[in-house]
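Please have a look at the sequence and the model first.

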Amino acid sequence: MHNPFRDLTKFEFGLWLSSVTVVALSYILSGAGDFMTALSSITGVTALIFVAKGYVIGQALCLVFSVFYGIVSFFFGYYGEMITYLGMSAPAALMAVISWVRHPYKGSKTVEVSSVTKKQWIFGAFLTVVATVAFYFILSALNTKNIGFSTLSVTTSIAASYLTFLRSPWYAIGYSLNDIVLIVLWVLASIENISYIPMIVCFIMFLFNDLYGFYNWRRLKTNQIKE
């Protein structure tokens, strides 16, 4: 069994350790006692550091995070988040695992970075628009809280998941935008219930990790093209 943490650079390990530490402290200091929220956050930041490296284990952890996060969202009434993560992000993570396993870069642990074609961009835009409109009406029927931001979260999640499956560096920009939307959503949730403060901290750390992911995937793509 290979320990993937050994492959992290000093910066990557520092980013992961600081992310976990900040999330754990926010959970402890909030005194919320919500173990599922903390577990979801820690699983998420751990997943992202390996996704940023292009490792399949990152996507496997994203699958686990999607389930945990869907449960947390359900209990607050963010049904858009619950449906998106359990009904879309979790299956998308599973498909990404299959895609990444099938496309290792020269037999290494790192995925082969791909470029998105014009047709794929057009199809992705069409898919995102159709899904967003459909989800808006579904969320309205469920009386979802903060429906505007919840719908926007669906939009960014769909785009990001699509680009992740295609193995494009732009997946990280999609998820960075999603992180910003989710920070707003959980700020609104925390106004009502302080136990959700760790979720705000979680997505702030997600944002840092996703921005690094974009940088690192661009670097990986450049190196793979040179080779």
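Predicted model: local features only at pLDDT ≥ 70, side-chain atom pairs only at ≥ 80, totals over all residues.

Is D7 buried, partly exposed or exposed? D7 is partly exposed, with a relative accessible area of 22%, where buried means under 20%, exposed over 50% and partly exposed in between, for a 1.4 Å probe and protein chains only.

Residues are numbered from 1 along each chain as its sequence is written, and side-chain values use heavy atoms, with hydrogens and water left out.

With a salt bridge taken as a side-chain nitrogen of Lys or Arg within 4 Å of a carboxyl oxygen of Asp or Glu, the count comes to two. In one of them, D7 meets K109 at 3.8 Å, N to O. Because D7 lies in the segment before α1 (10–30) and K109 in the loop between α4 and α5, this pair ties together parts that are 102 residues apart in sequence; helices here are DSSP runs of H or I, at least four residues, numbered from the N terminus. K109 is partly exposed as well, at 46%.

E12 and K53 also form a salt bridge, at 3.0 Å, N to O. E12 sits in helix α1 and K53 in the loop between α2 (35–52) and α3 (56–76), 41 residues apart. E12 is buried at 1%, and K53 is buried at 11%.

Turning to the backbone, K106 has a positive phi near 50° and is exposed at 61%, whereas R167, with a positive phi of about 60°, is buried at 11%.

How values were computed. Helix = DSSP H or I, 4+ residues; strand = E, 2+ residues; numbered from the N terminus.
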